[in-house]
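The sequence and structure come first.

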Amino acid sequence: MRAGCQHCGRRGARGRVSSGEAARLWLCLRVSLTHPGSRLALLAASRRRTEACACGTGGEGGRGSTGVRGRHRAGLPCAPKGFAPRLDGGAGPRGALLIAPGPRCLGLWLRLPDGVGWFGWPPSSLHPFFPPPSSSPSQPIHRAGARPRPSSAPASPPPPPLMSISALLSMGRCCCRCCCPRGLWMLSAPCCDDRRMCVCPGPRRIGIPVRSSSLPLFSDAMPAPTQLFFPLIRNCELSRIYGTACYCHHKHLCCSSPYISQSRLRYTPHPAYATFCRPKENWWQYTQGRRYASTPQKFYLTPPQVNSILKANEYSFKVPEFDGKNVSSILGFDSNQLPANAPIEDRRSAATCLQTRGMLLGVFDGHAGCACSQAVSERLFYYIAVSLLPHETLLEIENAVESGRALLPILQWHKHPNDYFSKEASKLYFNSLRTYWQELIDLNTGESTDIDVKEALINAFKRLDNDISLEAQVGDPNSFLNYLVLRVAFSGATACVAHVDGVDLHVANTGDSRAMLGVQEEDGSWSAVTLSNDHNAQNERELERLKLEHPKSEAKSVVKQDRLLGLLMPFRAFGDVKFKWSIDLQKRVIESGPDQLNDNEYTKFIPPNYHTPPYLTAEPEVTYHRLRPQDKFLVLATDGLWETMHRQDVVRIVGEYLTGMHHQQPIAVGGYKVTLGQMHGLLTERRTKMSSVFEDQNAATHLIRHAVGNNEFGTVDHERLSKMLSLPEELARMYRDDITIIVVQFNSHVVGAYQNQE
Amino acid sequence: MFCRLLSVVGRQRTSPGWQNWSSARNSMSAAEARSVALPTQAQVVICGGGIMGTSVAYHLSKMGWKDIVLLEQGRLAAGSTRFCAGILSTARHLTIEQKMADYSNKLYHQLEQETGIQTGYTRTGSVFLAQTQDRLISLKRINSRLNVIGIPSEIISPKKVAELHHLLNVHDLVGAMHVPEDAVVSSADVALALASAASQNGVQIYDQTSVLHVMVKKGQVTGVETDKGQIECQYFVNCAGQWAYELGLSNEEPISIPLHACEHFYLLTRPLETPLQSSTPTIVDADGRIYIRNWQGGILSGGFEKNPKPIFTEGKNQLEIQNLQEDWDHFEPLLSSLLRRMPELESLEIMKLVNCPETFTPDMRCIMGESPAVQGYFVLAGMNSAGLSFGGGAGKYLAEWMVHGYPSENVWELDLKRFGALQSSRTFLRHRVMEVMPLIYDLKVPRWDFQTGRQLRTSPLYDRLDAQGARWMEKHGFERPKYFVPPDKDLLALEQSKTFYKPDWFDIVESEVKCCKEAVCVIDMSSFTKFEITSTGDQALEVLQYLFSNDLDVPVGHIVHTGMLNEVGGYENDCSIARLSKRSFFMISPTDQQVHCWAWLKKHMPKDSNLLLEDVTWKYTALNLIGPRAVDVLSELSYAPMTPDHFPSLFCKYALHVYNEVMNVGQKYGIRNAGYYALRSLRIEKFFAFWGQDINNLTTPLECGRESRVKLEKGMDFIGRDALLQQKQNGVYKRFTMFILDDHDTDLDLWPWWGEPIYRNGQYVGKTTSSAYSYSLERHVCLGFVHNFSEDTGEEQVVTADFINRGEYEIDIAGYRFQAKAKLYPVASLFTHKRRKDDMELSDLHGK
């Protein structure tokens, strides 16, 4: 029996599974490695690049120093070189979990106040050692520590930290960590104690009023790194973190001071925590005996490490040329994701319609877990494609299914290897889709009318949301699937989808992701044309719509604190049945649902002032744009991008990036007197300048680099970038949201040719 | 015509260099306003007024052909010839290229005297720098080969380099090669001189005349269509440089001339404060990827960068060549390299960065010879940026080829027919030249395989073998396994084996060879060229008996090893022929014979026959079972009796099935896959010559010990019989010999490759043609030809067995001489004393 992963509840994770708790942890780590967006995956990627640890990656790393290998043979793993302390700013008592995963060496690196500790697995083989030998590759970490250890061995070495299994397990992922990163806020938040559940509220999108919380629950569920984070907060780092958190996220509940005071009041070390850092006295002695804040932190990710993190999810697709000619109005697209949540809740999709013309691209921003965004990213394009299909093709497909023949392929996906499709649910999804096209066949009785793309998009969105809702109501005999459809329905996702067919561009948007068109004016400058409206409190028309849809009595409660019912930021979304179903239905489904669901505080919670559901819809707003030769590209991105960058900057950066590739001014000597030395200097300068710009082969990566690393002058600051990317996943969400970007590049020649034809 | 030409030359001479080019051109086009009437008929039409075209015209006219027309679409000596850097260098990797360059050098040297036109010829010498030991080895190899063909050169120390050129930074050098007789010359002036000499000999030259296409009737050139009218002709020579590819395709029956242009940059500077002397040697810093020569007191420096810019992929017209942009950013690495080599140049003022496209071919060798498809259509192009160095020699060989039917040297390595249709796509060429251009200055190590444009043709077993660890080499576009990496080997390290010493696949090949000798191995030999010849009557046998030297009138099912000889008795093809039925024959030839052999057969088959010749290469997968247990494996799979005396030729469908069955059954006999490196080691230790490598169209069966495969008295005449009879009477002038290296340490010494000079009693007698490590003799074995040069006159004399046996031999590998034992017959090894006849035949069949 394959256990569901601790990390994300996914089953069927890659790798061998044996029985026992050790295997569960192991599985979890393995999954972490393969799981998209996980920090571990990122670390693994960066390690591969830096060739840090010979033992961890085996052949990949290649040339570890012999010293490392020697130690590995002796039964001790080496400290991975590329591992950085994870906390921003001053050196705190690093509780950051550093993991050296690999096929041959499983060990946990725990950065403790005094150096690096290693914990083997299973617990019987714990090999803590202090400090790491100075010649070992763990040197950088040591160096990074606040103060180098005296060369002579201390009279009384620091106590070897011991860890209980439960502590280790809690270092493994808890699904509800999405709320944990808030650190302070989570103290009072109800945490789900079931780690496989992923339906607890994301902190930003859905705010939940403080309810009864139980400390034992909290400290059990809170990931160890966060526990270790507290001393840091106590140590005058608080204001700084608090400040940056506010700087990054505009108006978050967590930043209001009452919670902080509350947190301090409520905090008492719990027995479980005490076992973790036994002996307690020593711990505090260490943490408090040092002035972490005073020691400047100098440990940054190197540029290659930064790049490997940024590029881990990048994907480029070039529309193939035929006979040297490209007849598509799309040249290709670049896409990329940078996670802040762990696992990432954003999804992206891109596919070419095979039975009709056109290409579909979309970004999906999930909240309260990734289940819904995952499902929508897998299914929505099929619904759209089916809606676009002519009657005959639908019949043909239906006949093929009927007689068991091979299906016509409908979509050609362009996927990054990390973009997975869930195998388990494919049958279920297919059946729902089939019902949809059967209905389409029945509805359209042969009179072949032109299919309106706008209508097709709206229908597909609404239908998919309907199906998600229905599947959750009906349930599934398979307990795993049953749980899956419920998770999908109780979590939510926004979607922003573009359909490009020749010069016809349709953008269907539900929620607060955005589509932005990059237009190059005649003078070469760039301007942004927004092709979608955000569905949130900033949009007057949406406010108006909501008020009209509900009785006057609810006018004040329907949108509170800029959130739907005071809870949800986007005003349109897939899933989120808590805002769609009647109270009765919710209760019925939860009661009959699996225990995990039933135990969960969040799902049981009914939004306040919930009188006239549904409050939420998945119906998209469709914008049509006819492409012109000056429309050079389209940026689809989740709000993670738009809240860090102004749209004008986004378009300018992408535009300059895309054209910069072609239009670097060549140098000519002309009639001037230039010496070889001068020319050489000039060229070297140009080269360094170019290489910084063209580090990215992917426009989306380039944009993310700017979004995360831009300093106040609007240029990428490596130090800042490095800090932002080395944030532990628990903290990352405080500084930024998941970012997902697709940059579609248009072929001006083809677009121009279309224009000339007419 | 000639007067006008001379006026051009005169103007040329007065202008100091290319920068006055535009004014010269303007005056030309004004002069060109009036149209010139073309002749309606000529024997030869040459297209291209660059150095190649003029050189061919010059040599043809010298050899007595008078009725020659040379057409140039723009102006004489424009294009690449005009922009050429003007360095004449004889240090080449191929012997034939060395000879061409040497001849060019001598020709240009006396050209000024002959024609009275200044060519700017200055004997500066050139210095090839080595920054690494490997580079020095490479230079030493070239050095030892240059010396034996009479070109002086020596390996010198960095200190000596500094004396030769005072600007050079020599601190990072480990050595250098000095070739004192290399020269610099103005290539455009050379072309003009050649043209004027040719013109004096009666060649008619017309510029501003473009060839539109060549007219062909029944596979024979009949004339040329130009923009100024038609010219009837027998021979057409395509010397169109980078436009040769397009011109070839413009025919009704397209002719594929695989070449592609890349942008090439060099820098010109103003003179130094103390101008460089005109005799300053040319510097080639291949590790820095640059060359530097003196130019009007300043520097001319260019190079071959790692990231070339292919150009004219879609074909462009001549005019654009004038407007090519300079690209300083692209030149930056080369500029850095130049300043590292000559730091004092920092303050030197730039004059211009010249962008001069050069053509490159898929294998870095030039293209010459007659088209396989159209008789009378000759090509000389694709010079890989050595057009000036090769111009004279290449023109001479092509002229000989046209006049006598074959050139005086073996030029198979440069023959157009070495390419097939696969290598002619624009995409392939574009990708391949991007690999070839940097290769010009890359270290050339043995057993180089191109990385681009691969997997053009594969055997049906490709995936199967690939999954079993096959490493691939390419021949004539066909993927062939080199060896099979055992699953536990570190794959990464193997891929990067670039060495002049013992390669890291040594152990792998050893185990394969051992398996071949003790058990059984299977080798996929599908790449071999396979033809089927059938006729309705006895004509097939008649024709083949005339074309082949051995007696083919054998019982059905038998295989005959034979040679396809030319009039002088040389091997045009070395092949095996199986008689499938009374009237049909199956012919197996080396892989790269596909085009050449086809052309030869087509040319010599009666035109009006009912013979059916079919290329069935792609229809058959050939599996070669080698080893003492091969018969056991086969007899388990087949009902036909398998005895050494009666070995049937078996044809099965379903290659994959057969392979699987063979592997299954062979399991108990220890069967495994083997690659070509194993086969090569086996064939060389058994003294089997391979066509294209050891033997060529200037080698007769008698010279390589294959009398037994020639039936002089088979009852009818065959091509080359007279020559062989005469040779039998007179004795041979060279003899194929096997050398076993005695004091060569396989682990520590440089490995032989091919082309190493052979010394007999201290006298140079010839060069090796191939070599391999023999795992059973545990020695290196080299194959090569021994000549007997007269000590007084240097003339070739008869080589007898006695002459060979009574000699002390040494092989020169990069300057180190190793003692060798000469053998005229293969050595029985420990493993092979029980060798069966069919083994021998089988391995023989498949040569290299």
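## A threonine at the chain contact

A:Thr675 counts as buried because its relative accessibility is 19%, and the limit for a buried residue is under 20%. The model in which this value was computed is a predicted one. In chain A, A:Thr675 belongs to the loop that runs between α23 (647–660) and α24 (676–693).

The neighbours of A:Thr675 lie across the chain boundary. Setting aside residues within four places in sequence, A:Thr675 is in contact with B:Glu346, B:Ser347, B:Leu348, B:Glu349 and B:Ile350. With B:Glu346 there is also a polar approach: a polar atom of the A:Thr675 side chain is 3.2 Å from the backbone oxygen of B:Glu346.

## The interface of chains A and B

How many residues does each chain bring to the contact? Chain A provides 15 residues and chain B provides 17 residues. The size of an interface is often expressed as the accessible area that is lost when the parts come together. Between chain A and chain B the buried area is about 1,500 Å², and carbon and sulfur atoms account for 61% of it. On the chain A side, A:Leu676, A:His680 and A:Leu683 lose the most area to chain B, and together they make up 41% of what that side buries.

The residues of chain A that touch chain B comprise 7 nonpolar, 5 polar and 3 charged. Which kinds of polar interaction are counted across this interface? The number of salt bridges between chain A and chain B is 0, while 6 residue pairs are in polar contact, with both residues at pLDDT 80 or more.

## Chain B as a whole

Chain B contains 23 helices and 39 strands. It has 848 residues, of which 62% count as buried. Among contacts in chain B with a separation of 6 or more, 73% are between residues 24 or more positions apart.

## A buried histidine in chain A

A:His414 sits in the chain A loop between β8 (411–413) and α15 (426–443). Is A:His414 buried or exposed? Its relative accessible area is 6%, so A:His414 is buried.

Beyond residues within four places in sequence, A:His414 is in contact with A:Tyr315, A:Phe317, A:Phe333, A:Ala350, A:Ala351, A:Thr352 and A:Met359. One of these, A:Thr352, also makes a polar contact with A:His414, side chain to side chain, at 2.6 Å.

## A serine in helix α4 of chain B

B:Ser80 is part of helix α4 (residues 79–83) in chain B. Its relative accessibility is 22%, and B:Ser80 therefore counts as partly exposed.

Which residues does B:Ser80 touch, not counting those up to four places away in sequence? They are B:Gln242 and B:Pro357. B:Gln242 is 162 residues from B:Ser80 along the chain, and the C-alpha atoms of the two are separated by 8.4 Å. As for B:Pro357, its backbone oxygen is reached by the side chain of B:Ser80 at 2.8 Å.

## Backbone features

Most residues other than glycine have a negative phi, and most peptide bonds are trans. The residues below depart from one or other of these patterns.

In chain A, the peptide bond between A:Ala342 and A:Pro343 is cis, with omega about 0 degrees. A:Pro343 is in the loop between β5 (330–338) and β6 (346–353) of that chain. A cis peptide bond also links A:Pro613 to A:Pro614, with omega about 0 degrees. A:Pro614 falls in the loop of chain A between α21 (601–604) and β16 (621–626).

In chain B, B:Ala77 is not a glycine, yet its phi is positive at about 55 degrees. B:Ala77 lies in the loop between β2 (68–71) and α4, and with a relative accessibility of 1% B:Ala77 counts as buried. B:Gln208, not a glycine either, has a positive phi of about 55 degrees. The loop that holds B:Gln208 is between β9 (204–206) and β10 (211–217) of chain B. The relative accessible area of B:Gln208 is 25%, so B:Gln208 is partly exposed.

Definitions and conventions
Residues numbered from 1 in each chain as written. Chains lettered and ligands numbered in written order. Predicted model: local features only at pLDDT ≥ 70, side-chain atom pairs only at ≥ 80, totals over all residues. Heavy atoms only, no water. Contact = heavy atoms within 4.5 Å. Buried area = accessible area lost by both parts, 1.4 Å probe. Salt bridge = Lys/Arg side-chain N within 4 Å of Asp/Glu carboxyl O. Polar contact = N/O pair within 3.5 Å; in protein donor to acceptor, adjacent residues only side chain to side chain. Nonpolar A, V, L, I, M, F, W, Y, C, P; charged D, E, K, R; others polar. Helix = DSSP H or I, 4+ residues; strand = E, 2+ residues; numbered from the N terminus. Buried < 20%, exposed > 50% of the residue type's maximum accessible area, 1.4 Å probe, protein only.
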